[in-house]
Amino acid sequence: MITKERAEEISKLYYNKIFRYCLSMSKNNYHDAQEITQEVFLVFTRKLKTLNDDVLEHYLMSVAKKKALEYYRKLKREEMVIALEDSFTSPEEVLSTITRYYEISDVELKMTIEAIMKMLTDDEHELFIKKFLENKTQKEIAEEMGISVSNVSTKTARLRNKIEKLGFFCFTFVGQIIIKAFF
């Protein structure tokens, strides 16, 4: 067990080393390194009763690595959500993007979109309509579907990924043959 006085000494002793490590992990982003370092020492203070003085440096470095990875995963998820929300602003934009990159007739496009929509689950279809056709906010969707806003964000990101994969397949030669044969 480590006393509070000893914890202060340890913090002073290792703070700069942990901060430099976090700075290198954050590619010299001072603000991010400060946040990550604060998280490390927050974890440290919560675990004082269970830690031994023998392995502190190793423990702090491993917590720093873990916290840096968590921090950047979280930032990446947030960036993906923002990009997702910005990418599908309207159905017309989706259609114009598709027709711009693929030489496809309106009839083929309609069949392809119908095929993609049929491959979605009921929940995915409902989410697609609410988010991309009705342009509802994540908060509105969460309230209507009875789920959290973060769950809406996750489901939206997964839906977009699924639609992209299905769309890519549908616009391939084989995908177009399948669509024309079955739809």
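Modeller: A salt bridge here is a side-chain nitrogen of Lys or Arg within 4 Å of a carboxyl oxygen of Asp or Glu. This is a predicted model, where local features need pLDDT of at least 70, side-chain atom pairs count only at pLDDT 80 or more, and totals for chains, interfaces and linings use all residues. Residues are numbered from 1 along each chain as its sequence is written, and side-chain values use heavy atoms, with hydrogens and water left out.

Colleague: Then what makes K162 and E124 a salt bridge?

Modeller: Their side chains meet at 2.7 Å, N to O, and the cut-off is 4 Å, so the pair qualifies. K162 sits in helix α8 (residues 149-170) and E124 in helix α6 (residues 122-133), so the bridge ties together parts 38 residues apart in sequence. Helices here are DSSP runs of H or I with at least four residues, strands are E runs of at least two, and both are numbered from the N terminus.

Colleague: What makes E57 and K17 a link between helices?

Modeller: The closest N and O atoms of E57 and K17 are 2.1 Å apart, and the pair forms a salt bridge. E57 belongs to helix α3 and K17 to helix α1, so parts 40 residues apart in sequence are tied together. E57, at 32% relative accessibility, counts as partly exposed, and so does K17 at 34%.

Colleague: Which residues have the most contacts inside the largest nonpolar core?

Modeller: They are I2, I10, I18, V40, F41, F44 and L60, in a core of 23 residues. The elements giving two or more residues to this core are α1 (4-25), α2 (30-46) and α3 (56-87). The term nonpolar core stands for a set of buried Ala, Val, Leu, Ile, Met, Phe, Trp, Tyr and Cys residues joined through side-chain atoms within 4.5 Å.

Colleague: And what does V40 touch?

Modeller: Not counting residues up to four places away in sequence, V40 touches I18, L60, V63, A64 and K67; a contact means heavy atoms within 4.5 Å.

Methods:
Buried means under 20% relative accessible area, exposed over 50%, partly exposed in between (1.4 Å probe, protein chains only).
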